[in-house]
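This report goes through helix packing, the nonpolar core and a few loop residues. Please keep the sequence and the 3D view at hand while reading.

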Amino acid sequence: MNSELTNLSPLDGRYSQQLNDLKPYLSEFGLIKNRVKVEIAWLVSLSENPKISEVKKFDKKTIDNLNELVSKFSEKDAKKIKSIEKITNHDVKAIEYWLKDHLKKDKSIKKYLEFIHFACTSEDINNLAYSLMVKGSITEVVLPKIKRIYETLKKQANSYKNISMLSRTHGQSASPTSLGKEFANVAARIKRQIELIEKQSYLGKINGAVGNFNAHLIAYPNVNWIVHAKKFVSKLGLEYNGLTTQIEPHDFLAEIFHSLLRINNILIDLNRDIWSYISIGYFKQKLKNNEVGSSTMPHKVNPIDFENSEGNLGLSNSLLEHLSMKLPISRMQRDLTDSTVLRNIGVAFGYHILALNSLLRGLEKLEVNKIKIKADLDYSWEVLAEPIQTVMRKFNIPKPYEKLKALTRGNQNITQEVLKRFILGLDLPKSEKDRLLKLTPENYIGLAAELTKNA
């Protein structure tokens with residue numbers, strides 16, 4: 001029995017449809033297809049090296065036929081490779097055998113079948129396949145989704161930039177800000193991480209069993225294998241790593257995972273803040289017909305999108321942290337602990353995408369409750385203690401902080417009238433008193449609106 005209802009992972013069950021864009025890159029199918037792509041590209045590269053005379057240069061038709069194996073690679077092909085793997089108990093060898101079987105009838109190729117996987121260790125194929133998979137998934141799925149989050153936050157920052165809002169430091173009333181500025185803060189953080197990811201290198205190696213071209217050099221001592229390998233990896237759209245053991249050390253993967261970890265942490269922070277603002281009534285959520293908030297309390301409109309996003313970001317982080325900590329570590333020239341761990345990149349990315357989807361849905365349902373926000377400001381005149389004592393300092397009035405502390409700290413009855421009397425009693429120029437008397441919690445927001453433009 002195999003269905004969405006019987007899969008152990010919710011990524012392949014409950015949430016499967018949300019992850020269709022990721023599946024071509026980070027599934028078992030994606031891994032097998034990219035291995036085939038690398039094997040074929042390696043064979044073509046050998047034919048293009050004039051010093052490897054045993055493989056004549058392939059003509060355009062032959063190369064097109066080989067590339068078509070990749071472009072038309074199907075689940076049926078992948079299943080055939082998996083059936084071979086049951087015999088070989090080796091996934092990369094199964095691909096070599098499938099290619100040989102598939103190409104043995106091709107007159108232009110059949111005499112060169114033993115050059116498939118020539119001088120390669122399995123990790124030569126695997127590291128390049130995974131690099132292509134991660135690069136594809138980042139550039140085509142993950143990054144566009146993160147950019148959509150950024151653009152949504154930037155749009156909301158601009159829309160809300162003139163909505164004054166009471167800040168809460170340590171959960172207590174604090175100097176006001178603007179709602180838009182708070183969205184701009186998060187947008188700016190995300191933008192920086194996007195820029196870092198866009199500069200990311202995707203590395204690859206193809207240098208044999210322990211990274212020294214041992215077998216290559218014995219077979220063809222006159223070939224400059226370093227130049228050949230570098231050209232081959234670059235042609236795949238990757239950056240060549242020439243100093244490795246049997247495995248590419250995965251440091252660049254750790255860099256990518258750490259970038260996603262930071263983005264996840266920023267968004268956990270955002271989810272929790274929006275959840276809190278919903279709980280105190282600063283935001284309402286657009287209602288959907290037939291949706292239920294509670295099985296027993298009919299009035300409930302729960303912030304489930306932000307809660308789901310937070311939960312899935314945490315799951316993604318757990319895996320990304322393990323991937324980034326484990327993958328760069330391998331005993332001596334090679335151990336196999338990375339093999340099973342690498343297969344979980346798709347799981348880490350899957351929870352990341354689920355979280356972004358939930359967050360986007362939540363952001364799109366937000367409605368600002370201006371009445372509630374203004375009511376909190378009107379009830380919080382004590383926050384003007386900061387500007388009053390700061391102006392007092394400017395004019396060297398003794399103990400300004402202490403005087404405002406005595407007046408306001410813990411006092412629940414600070415009103416506009418209380419502050420007015422205090423200001424009028426100060427030894428300040430009339431122009432300064434007039435400026436302070438015009439202050440309200442709503443207009444005391446500094447450069448918040450202007451700073452919002454920098455998101």
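## Terms and basis

Axes are lines fitted to C-alpha atoms, for helices over the stretch in contact, and angles between N-to-C directions run from 0 to 180 degrees. Helices (H or I, at least four residues) and strands (E, at least two) are DSSP runs, numbered from the N terminus.

The model is predicted: local features need pLDDT of at least 70, side-chain atom pairs count only at pLDDT 80 or more, and totals for chains, interfaces and linings use all residues. Residues are numbered from 1 along each chain as its sequence is written, and side-chain values use heavy atoms, with hydrogens and water left out.

## Helix 16 and helix 17

The axes of helix 16 and helix 17 (residues 416–424) cross at roughly 150 degrees and come within 12 Å. Helix 16 is therefore roughly antiparallel to helix 17; angles under 35 degrees count as roughly parallel, over 145 as roughly antiparallel, 65 to 115 as roughly perpendicular and the rest as oblique. The crossing of helix 16 past helix 17 is right-handed. A crossing is left-handed if the near helix is turned anticlockwise from the far one by less than a right angle, and right-handed if clockwise.

On the helix 16 side, Lys403, Leu404 and Leu407 meet Val418, Leu419 and Phe422 of helix 17. Contact means heavy atoms within 4.5 Å. By class, this contact of helix 16 with helix 17 has five nonpolar, no polar and one charged residues. Ala, Val, Leu, Ile, Met, Phe, Trp, Tyr, Cys and Pro count as nonpolar, Asp, Glu, Lys and Arg as charged, and the others, Gly among them, as polar.

## Helix 2 and helix 3

Helix 2 (residues 28–48) packs against helix 3 (residues 60–71) at an angle of about 165 degrees, and their axes are 9 Å apart. The two helices are therefore roughly antiparallel to each other. Helix 2 passes helix 3 in a left-handed crossing.

Helix 2 contributes Lys33, Val36, Lys37, Ile40, Val44 and Glu48 to the contact, while helix 3 contributes Ile63, Leu66, Asn67, Leu69 and Val70. Seven nonpolar, one polar and three charged residues make up the contact of helix 2 with helix 3.

## Helix 6 and helix 10

Helix 6 and helix 10 (residues 251–279) pack with their axes 13 Å apart, at an angle of about 25 degrees. That makes helix 6 roughly parallel to helix 10. Helix 6 passes helix 10 in a left-handed crossing.

The residues in contact are Ser131, Val134, Ile138, Val142, Ile146, Ile149 and Leu153 from helix 6, and Phe252, Leu253, Ile256, Leu260, Ile263, Leu267 and Leu270 from helix 10. The contact of helix 6 with helix 10 divides into 13 nonpolar, one polar and no charged residues.

## Nonpolar core

A nonpolar core is a set of buried Ala, Val, Leu, Ile, Met, Phe, Trp, Tyr and Cys residues joined through side-chain atoms within 4.5 Å. Buried means under 20% relative accessible area, exposed over 50% and partly exposed in between (1.4 Å probe, protein chains only).

The largest nonpolar core has 135 residues, of which Phe183, Ile190 and Phe349 touch the most other members. Helix 6 (residues 122–159) gives the most to this core, with 16 residues. Leaving aside neighbours within four places in sequence, Phe183 is in contact with Leu153, Gln156, Ala157, Tyr160, Ile274, Phe283, Leu363 and Leu366.

## Loop residues

Two residues other than glycine have positive phi values. Phi of His170 is near 60 degrees, and His170 sits in the loop between strand 1 (164–169) and strand 2 (172–178). His170 counts as exposed, at 79% relative accessibility. Asn396, also not a glycine, has a positive phi of about 60 degrees and lies in the loop between helix 15 (385–394) and helix 16 (400–408). The relative accessible area of Asn396 is 69%, so Asn396 is exposed.

Asn369 is in the loop between strand 6 (366–368) and helix 14 (370–378). Is Asn369 buried or exposed? With a relative accessible area of 16%, Asn369 is buried. Beyond neighbours within four places in sequence, Asn369 is in contact with Gly281, Tyr282, Phe283 and Lys284. Asn212, in the loop between strand 3 (203–204) and helix 8 (214–219), is exposed at 52%.
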